[in-house]
Amino acid sequence: MRLKGSPRWRTLAVAGIGSAILVSALAACGSTSEGIANGKNCKHIAFLLPESATAARWEAADHPDVVAAIQASLPGATVDVTNAQGNATTQQTQAESALSKGACILIVAPFDSTASAAIVTKAKAQKVPVISYDRLIDSADLAYYASFDGVDVGKKQGQYIADHYKNYVTPGHNNLVMINGADTDNNAKLFGSGAHQILDPLISSKELTKVFEQSTPGWDNGKAQTEMEAALTQTHNDVSVAYVMNDGMANTVIAALKAQHLNGKVLVTGQDAEVSGIRNILLGDQSMTIYKPIKKLADSVGKLVAAISNGQDTSSIASGSIKTPTAGTAIPSILNAVTEVDISNIKDTVIADGFVKKDDVCQGVPAGAGGVC
């Protein structure tokens, strides 16, 4: 038996103390990790945007509105914002970087709805919830989806055509062209589904003749113009209706129509109520757009993030549900309503809400147009 003062005892004692310190440190780390698991107590949020080249809204509206909404609902929160600029691999790298820097809630507006599933998988492994923003990520592990009712967007676009196409067709000249968004974006599928629900009966009855339908990779505006030019060549400029999914593409579709002196003679749809879209409506070159109140979406996301961080029930915020395309998993969802906008209600919608400024949309527009300028 050795005395307590022996060298061996002192060695064991030091080792024991060291082990206790190590166990204590590990326990502390474990409790910290546990404390922010699944977003609880999270104050470090990452917001990943898809691009800015084809739609001005991402940087002009979504970026500032979401940051402001989160910081208003969750005081002390920091929000790191990155933009993939149209590259799915870049977006995944940005997500991995955000996770490595300690982001404990991810809000992802995916550039590619399928490829972005890898982001959700990686985040879930680190107990980080992912909110799919505006566009649905095709992942059964998604925590929440916050957007607008995509099918209703398409229905409203299709219904506008159904209500107004007779002003643009003549006997024997009723050709319909459909310029859709990216087939890698689930939203484009939802918009198309809604539009076809309204338009297919008109096509079946031959009131409209669909002569061209094309998805547009990356929602690329230049490619949309090329598609419209191809449709015009194919029909010898005989087009009465152009269903176009968003304003960015509508702007270049109109450029193709202008080259053939057809602008204002073809019914053209859009979406996003961008400055260019509203201006085109005021000029008579575009017929309508869909107003998606991004500030309302941002505010609902801010409240959702705060509820997750505070460990509160989210069912009253994400009260809707949408199923992922592949697995059919129901995802708790925020689905905000949208508004159809044409020249008759610009003043009472996007101008009244401050979504676009009168001075911006009226540049180059004749005085008095739409009762706005």
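A cavity is a set of grid points where a 1.4 Å probe fits but cannot get out. In this predicted model, the count comes to one cavity of 30 Å³ or more, and the volume of the largest cavity is about 120 Å³. Its lining is made up of 15 residues, and those that lie nearest the centre of the cavity are Arg 57, Arg 135, Trp 219, Asn 246 and Asp 272. Two or more residues of that lining are given by each of the elements α2 and α6, the latter covering residues 186–204. Sorted by class, the lining of the largest cavity has seven charged residues, together with four nonpolar and four polar ones.

The largest pocket holds about 400 Å³ of space and is lined by 25 residues, with Ala 60, Ala 61, Ala 273, Phe 355 and Val 356 lying nearest its centre. The elements that each contribute two or more residues to the lining of this pocket are α2, α8 (247–259), α9 (275–283) and α10, and the largest share, four residues, comes from α2. The lining of the largest pocket divides into 11 nonpolar, eight charged and six polar residues.

Helix α2, running over residues 57–73, and helix α10, running over residues 294–309, pack at an angle of about 35 degrees, with their axes 8 Å apart, and α2 passes α10 in a right-handed crossing. On the side of α2, the residues that meet α10 are Arg 57, Ala 61, Asp 62, Asp 65, Val 66, Ala 69, Ile 70 and Ser 73, while α10 brings Ile 294, Lys 295, Ala 298, Asp 299, Gly 302, Lys 303, Val 305 and Ala 306 to the contact. By class, this contact between α2 and α10 has eight nonpolar, six charged and two polar residues.

The last feature to follow is covalent. A disulfide is a covalent bond between the sulfur atoms of two cysteines. Two disulfides are found in a search of the whole structure, and one of them joins Cys 42 to Cys 104, with an S to S distance of 2.1 Å. The torsion about the S-S bond of Cys 42 and Cys 104 is about 90 degrees, and therefore this disulfide is right-handed. Because Cys 42 lies in the loop between α1 (7–36) and β1 (44–49), and Cys 104 in the loop between α3 (88–100) and β3 (105–108), the pair ties together parts that are 62 residues apart in sequence.

Technical notes
Residues are numbered from 1 along each chain as its sequence is written. This is a predicted model: local features need pLDDT of at least 70, side-chain atom pairs count only at pLDDT 80 or more; totals for chains, interfaces and linings use all residues. Side-chain values use heavy atoms; hydrogens and water are left out. Axes are lines fitted to C-alpha atoms, for helices over the stretch in contact, and angles run from 0 to 180 degrees between N-to-C directions. A crossing is left-handed if the near helix is turned anticlockwise from the far one by less than a right angle, and right-handed if clockwise. Contact means heavy atoms within 4.5 Å. Ala, Val, Leu, Ile, Met, Phe, Trp, Tyr, Cys and Pro count as nonpolar, Asp, Glu, Lys and Arg as charged, and the others, Gly among them, as polar. On a 1 Å grid over the protein atoms alone, a cavity is a set of points where a 1.4 Å probe fits but cannot get out, and a pocket is an open set with protein on both sides within 12 Å along at least five of seven lines; lining residues have an atom within 4 Å of a point. Grid points are joined across faces, edges and corners, and a volume is the space filled by probe spheres set on the points. A disulfide is a pair of cysteine sulfur atoms within 2.5 Å.
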